[in-house]
Amino acid sequence: MAAAAAPAIPVLVAGGVAALVLKFFSRRPPAAPEIQEEASDDGKDASSAPEVPPITLSWHKICCALQAKDGITTVKRLLKNLSGEAKAGRLLAIMGPSGSGKTTILNVLAGQLAASPRLKLTGLLFVNGTPCVSTSYKVAYVRQEDLFFSQLTVRETLSLAAELQLPGSSTAAERSRYVDDILQRLGLVRCADTPVGDAKVRGISGGEKKRLSIACELIASPSVIFADEPTTGLDAFQAEQVMETLKKLAQDGHTVVCSIHQPRGSIYSKFDDLLLLSEGSVIYAGPAQNEALAYFAGLGHSCPEHVNPAEFFADLISIDYSSPEKESASRKRVEAFVEIFATTLYATRSLSGTEPAPVKLSTQHVTQQKVGWWKQFRLLFRRAWLQAIRDGPTNKVRSRMSVAAAMIFGSIYWRMGRSQTSIQDRMGLLQVAAVNTAMAALTKTVNVFPKERAIVDRERAKGSYGLAPYLAAKLIAEMPIGAAFPLLFGAILYPMARLHPSAKRFGSFSSIVTVESFAASAMGLCVGAMVPSTEAAMALGPSLMTVFIVFGGYYVNSENAPVMFRWIPRVSLIRWAFQALCINEFKGLKFECDKPYDLPNGEQALERLGFGDSTINKAMVEEGRILLFWYTMTYALMRKNKPRYQRIVAPDESS
Ligand SMILES: Nc1ncnc2c1ncn2[C@@H]1O[C@H](COP(=O)(O)OP(=O)(O)O)[C@@H](O)[C@H]1O
Ligand SMILES: [Mg+2]
């Protein structure tokens, strides 16, 4: 049957791609030059830091308010008239109780406050004394949660970031040296070849993850480094190491700004400058050490000896909600601090040190040079491939599930004969095969993709690569692994149930379920691109699929479906797979007949299902269209949902 041969093509293509890919990667990537791991792996080694243009960042009267839907009424003031500065070569810590606006001010300074029509952001930013738009200098932003591809090693993660972010003019050897140097500076040499890991597979420690996040951000030699709560969730030792790393970066000439919640005394002693926030207002901004203590002592609040200043400040500026009296007293105290600080302008006096001469920010320092499309594709393909093949736990579960499902259905439909009742059994089995294949592919994708999307969104926001090479690389790299499971399922089920005994028919069966599985994955991607979290995707994906199952050709004959629902079977990936599987199975099959109304052959069974005048090719073309539709939708959604940032407007402009 010529029609049956056509769907074999995708499997052949997938197989071919798999073979090529395997060949390509069976050669191990050239090992990076061995680094002599010196005694020091704690980030305090002597490896040289690249020069970065010194940047003093100052901000004036930053206000951020959340407005009601009417766009006029202010619901909440997130930041109230914040002014301050961060200097090159100094570590500025932003401290304050949770909800005081630390993350918000960091987002504003990094130019990465998520845009929202309900937010109003005003204020002025200056770079070395010159008013600036937020993107006119290179920033690194280490966010609170560390997101990585779990199966890549530390070195691979960093190398990929280097390949994507460093201008094409540098040679591979230079880039490799650069990566080694950063590994050394951040004390990551010891875990360089360990996979990052995730909840399923143990990888590097939390502190190492944080330092890897910093390392990835350092690739582009940023002048300013922001870090949002870099020590949260780490044990004391790891927190100390991370802060030591940041301190060292400041000493190397970077401007480092981090938010932190209740640091230990030893960490506090590393801070050069301090910004204390409470409920979006500045309580203190200025040098962190003796000056800060002297300032509060001057207001009648002396820090007792041997008390960690961070804890002392935290107690001073927190609102105590334990009773109405305490709340009112603490609120009064905080409000007094805010007022005194605003009127004494302590900040201006204490911070007006030597300002570095304005640096001409050449565009070379600022604009991100993207590597070419093909190279982006190649790099992202390699990452997607490594992530797919190395993800042992997921692949193990998927293969076990495929085998178990095939064995269960194979036992239930064990060696179907040619009796009249076997017609119903066949239809049931083929529907079950179509549903199982689609569900397996869908759940895997919706489970994994939202997490990956969060990483990709961040990388795209940095301008590391385009969406098209990313999606193309992902789809092709995951094809061989994606095809393996439906093939495994089919290979066990087919002989057990004794479906149409012909090698060609088996080939078609395998191709149909493989293509269907790709279509279901594509749908999973689209669902993952549509909603913000894995949980939401897990709720939406299967519910949507259930609709397609109901209209999958078995439960409701599409000719009998109410007119308003007739379109659903046409877009149901289950229906087209079921239809193709039925045609593949029933065409040319003869059944035992005793009674006059018995169905003598498969063609009549197909008539009864409403598939009489269809072919496998036609069904697979429709399936292909559905697949393309979901891919296109994914692309469009991801493009549309690209992170956008709130623009800061000068105070007078906004009024
Ligand atoms: N986009 C937003 N929409 C509404 N409220 C927000 C938004 N961003 C932050 N907030 C609120 O602003 C306050 C400060 O948040 P945040 O800066 O995250 O605090 P911190 O990092 O100090 O814990 C919180 O009460 C938070 O709920
Ligand atoms: Mg925060």
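Where in the chain is Thr-73 found? Thr-73 lies in the loop between β1 (57-67) and β2 (74-86). The structure considered here is a predicted model. Its protein chain comes to 24 helices and 10 strands, and buried residues make up 51% of the 655 residues. Among contacts in the protein chain between residues at least 6 apart in sequence, 78% join residues at least 24 apart.

- Not counting residues up to four places away in sequence, Thr-73 touches Leu-66, Gln-67 and Ala-68.

**The six-stranded sheet**

- Six strands form an open sheet with mixed pairing, in the order β6-β7-β8-β3-β9-β10.
- At the edges of this sheet are β6 (139-142) and β10 (281-287), each of which pairs on one side only.
- From one strand to the next, the twist averages 15°.
- Helix α6 (residues 206-218) packs on the sheet and touches β6 and β7 (224-228). The direction of α6 makes about 160° with that of β6.
- Helix α11 (residues 324-344) lies across β9 and β10, and it runs at about 55° to β10.
- In general, the strands of a sheet pair through backbone hydrogen bonds, either parallel or antiparallel.

**Strand β3 and its two partners**

- Strand β3 (residues 91-95) pairs with strand β9 (residues 273-278) in the parallel sense, over 4 bridges.
- Within the pairing with β9, Met-95 has Leu-276 as its bridge partner, while Leu-92 stands opposite Asp-273.
- Strand β3 also runs parallel to strand β8 (residues 255-260), to which 5 bridges join it. The bridge partner of Leu-92 in β8 is Val-257.
- Is β3 enclosed by the rest of the structure or open? Strand β3 is largely enclosed, because 5 of its 5 residues are buried.

**Helix α3**

- Helix α3 (residues 102-109) is mostly covered, with 7 of its 8 residues buried.
- The buried residues of α3 are Lys-102, Thr-104, Ile-105, Leu-106, Asn-107, Val-108 and Leu-109.
- Just after α3, Gly-111 takes a positive phi of about 70°.

**Aromatic rings**

- A pair of aromatic rings is described by the distance of the centres and the angle of the planes.
- The count for this structure comes to 24 aromatic pairs.
- One of these is the pair of Tyr-494 and Phe-509, which is edge-to-face, at 5.1 Å centre to centre and 70° between the planes.
- This pair links distant parts of the chain, with Tyr-494 in helix α17 (residues 467-497) and Phe-509 in helix α18 (residues 503-530), 15 residues apart. Both Tyr-494 and Phe-509 are buried.
- Phe-551 and Phe-565 form a tilted pair, at 5.9 Å centre to centre and 50° between the planes. Both residues are in the loop between α19 (534-550) and α20 (567-571), 14 residues apart.
- Phe-551 counts as buried because its relative accessibility is 11%, which is under the 20% limit. Phe-565, by contrast, has 32% and so counts as partly exposed.
- Ring pairs also link Tyr-268, Phe-271, Tyr-284, Tyr-295, Phe-296, Phe-312, Phe-313, Phe-337 and Phe-341 into a cluster.
- A charge is also placed over a ring: the charged end of Arg-575 sits over the ring of Trp-576, 3.9 Å from its centre.

**Regions annotated in UniProt**

- According to an unreviewed UniProt entry, the annotation "transmembrane region" covers residues 470-494, 506-530 and 536-556.
- In the model, the chain over residues 506-530 is 100% helix and 0% strand, with end C-alpha atoms 36 Å apart.
- The span of residues 536-556 is 71% helix and 0% strand, and its end C-alpha atoms lie 28 Å apart.

Conventions. Residues are numbered from 1 along each chain as its sequence is written. Chains are lettered from A and ligands numbered from 1 in the order in which they are written. This is a predicted model: local features need pLDDT of at least 70, side-chain atom pairs count only at pLDDT 80 or more; totals for chains, interfaces and linings use all residues. Side-chain values use heavy atoms; hydrogens and water are left out. Two strands pair if DSSP finds at least two bridges between them. Helices (H or I, at least four residues) and strands (E, at least two) are DSSP runs, numbered from the N terminus. Axes are lines fitted to C-alpha atoms, for helices over the stretch in contact, and angles run from 0 to 180 degrees between N-to-C directions. Contact means heavy atoms within 4.5 Å. Rings of Phe, Tyr and Trp (its six-membered ring) pair if their centres lie within 6.5 Å; planes under 30 degrees apart count as stacked, over 60 as edge-to-face and the rest as tilted. Buried means under 20% relative accessible area, exposed over 50%, partly exposed in between (1.4 Å probe, protein chains only). A charge sits over a ring if NZ of Lys or CZ of Arg is within 6 Å of the ring centre and within 35 degrees of the ring normal. UniProt positions are given in the numbering used here, feature names are shortened, and annotations may be inferred rather than shown by experiment.
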